[in-house]
Amino acid sequence: MTGVSTATYEQWNKVAQVYPISVTPYFFSLAVPGDILDPIYRQFVPDESEIGLSSEKPDPLGEEEHMPVPGLIRRYEDRCLILTTHLCAVYCRHCNRKRYWSGRGAIRIERSFPAILAYLKRETSIREVILSGGDPLVLPDGKLEYLLRQIRKIPRVEVIRIGTRIPVVMPMRITKRLAGMLRKYRPLWVMTQFNHPREITPWSQMACERLISAGIPVSNQSVLLKDINDDFITLQSLFRALVRISVRPYYLFQCDPVRGTTHFQVPIEKGKELMKSIWSSTSGLCLPRYVVDLPGRQGKVALDGEGFDK
Ligand code: SF4
């Protein structure tokens with residue numbers, strides 16, 4: 001990368017020993033060359049503070065304690081989440097599952113899937129399954145379809161969700177063929193994560209349109225990130241742009257207090273003020289819920305409330 005000193009490369013290398021780096025040429029191309037404060041760049045370039053001393057936990061939501069079968073997280077009665085892979089196209093520096101792709105928790109879905117499937121068949125209150133990771137859409141089509149087909153054989157599972165950043169970081173992966181394959185397993189919802197209006201491009205628009213045309217609704221779960229999107233103009237532009245491409249702004253997440261992400265944390269009070277201003281000046285269609293995820297079975301708690309009437 002041009003304009004980066006040897007000392008900076010050495011620093012990145014040190015961080016990458018703990019939290020590796022991965023970025024697609026496409027997502028890289030969205031960053032302003034040489035601008036280390038660029039909001040796209042900051043999402044994939046390591047920061048020394050990721051490996052500094054920290055009192056924060058790798059798993060503050062206690063997911064590991066709610067794993068009745070390896071690779072399956074169940075924090076709610078009616079739904080569960082499957083960790084399909086530890087790989088992602090881009091390793092987002094703010095990720096709340098850094099512990100997996102840091103190399104200590106490699107996931108081989110092939111090994112645990114029979115046990116996961118047996119659990120899904122046995123647990124009669126589960127009606128929704130979320131494929132997550134890592135990023136499920138980095139799996140080859142054949143492997144992904146195998147998972148979907150097996151889950152669909154359980155009639156009680158009404159809805160499948162796929163949590164993926166692929167429409168944002170590698171939109172060309174959403175081919176007509178992939179959309180056509182996913183279509184067979186509806187009701188299926190895609191939850192993606194656009195964090196900045198500059199991530200909405202003709203490519204990402206095309207990816208979302210392909211999914212939507214296949215009957216797969218696309219919703220967005222942004223994360224509130226310091227110096228990336230923690231200002232009124234950026235957030236409002238992001239939510240408006242999402243609606244323009246028919247993607248529903250669903251949640252704005254408070255960044256979880258995960259080890260290695262402290263430099264992205266925004267005080268809740270600031271988040272509330274931002275959302276309050278946006279609610280009072282933006283169409284209701286563009287408004288996500290501002291939420292924080294709490295450990296274990298406590299789940300998501302809305303941070304928007306009084307004064308947010310529409
Ligand atoms: S794509 Fe998702 S799971 Fe992967 S690094 Fe980014 S936020 Fe984490």
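How many salt bridges does the structure hold? The structure holds 22. A salt bridge here is a side-chain nitrogen of Lys or Arg within 4 Å of a carboxyl oxygen of Asp or Glu.

Before selecting anything, note the ground rules. This is a predicted model, in which local features need pLDDT of at least 70 and side-chain atom pairs count only at pLDDT 80 or more, while totals for chains, interfaces and linings use all residues. Residues are numbered from 1 along each chain as its sequence is written, and side-chain values use heavy atoms, with hydrogens and water left out.

**Stop 1: salt bridges**

Select Asp59, Glu63, Glu64, Arg97 and Arg99. Salt bridges link these residues in a network.

Next, select aspartate 141 and arginine 173. Their side chains form a salt bridge, 2.7 Å from N to O. Aspartate 141 lies in helix α6 and arginine 173 in the loop between α7 (166–169) and α8, so the pair ties together parts that are 32 residues apart in sequence. Helices (H or I, at least four residues) and strands (E, at least two) are DSSP runs, numbered from the N terminus. Aspartate 141 is partly exposed, at 21% relative accessible area. Arginine 173 is buried, at 17%. The cut-offs, from a 1.4 Å probe on protein chains only, are these: buried is under 20% relative accessible area, exposed is over 50%, and partly exposed is in between.

Now pick arginine 127 and glutamate 128. They form a salt bridge, with the closest N and O atoms 3.5 Å apart. Arginine 127 is partly exposed at 29% relative accessibility. Glutamate 128 is buried at 11%.

**Stop 2: positive phi**

Select lysine 226 and aspartate 227. This pair also forms a salt bridge, its closest N and O atoms 3.5 Å apart. Lysine 226 has 35% relative accessibility and counts as partly exposed. Aspartate 227 is partly exposed too, at 45%. Check the backbone of aspartate 227: its phi is near 60°, a positive value in a residue other than glycine. Aspartate 227 sits in the loop between β6 (218–224) and α10 (232–244).

Move on to serine 246. Is serine 246 buried or exposed? Serine 246 is exposed, with a relative accessible area of 52%. Its phi is positive, about 65°, although serine 246 is not a glycine. Look for it in the loop between α10 and β7 (248–254).

**Stop 3: cis peptide bonds**

Select glycine 133 and glycine 134. The peptide bond joining them is cis, with omega about 15°. Glycine 134 belongs to the loop between β3 (128–132) and α6 (141–152).

Then select arginine 186 and proline 187. The peptide bond between them is cis as well, with omega near 0°. Proline 187 is in the loop between α8 (176–183) and β5 (188–192).

**Stop 4**

Which residues surround the ligand? Select Cys88, Val90, Tyr91, Cys92, Cys95, Trp101, Gly134, Arg165 and Gln193. A residue counts as near if one of its heavy atoms lies within 4 Å of the molecule. This shell has six nonpolar, two polar and one charged residue. Ala, Val, Leu, Ile, Met, Phe, Trp, Tyr, Cys and Pro count as nonpolar, Asp, Glu, Lys and Arg as charged, and the others, Gly among them, as polar.

The ligand takes the space of the largest pocket; to sit in a pocket, more than half of a molecule's atoms must lie within 2 Å of its grid points. A pocket is an open set of points on a 1 Å grid over the protein atoms alone, where a 1.4 Å probe fits, with protein on both sides within 12 Å along at least five of seven lines; lining residues have an atom within 4 Å of a point.

The volume of the largest pocket is about 1000 Å³; a volume is the space filled by probe spheres set on the points, which are joined across faces, edges and corners. Of its 39 lining residues, Leu81, Asn96, Arg97, Ser132 and Gln221 are the closest to the centre. β7 gives the most to the lining, with four residues.

**Stop 5: the second largest pocket**

Select its lining residues, among them Thr8, Trp12, Tyr41 and His263. α1 (6–18) supplies the largest share, three residues.
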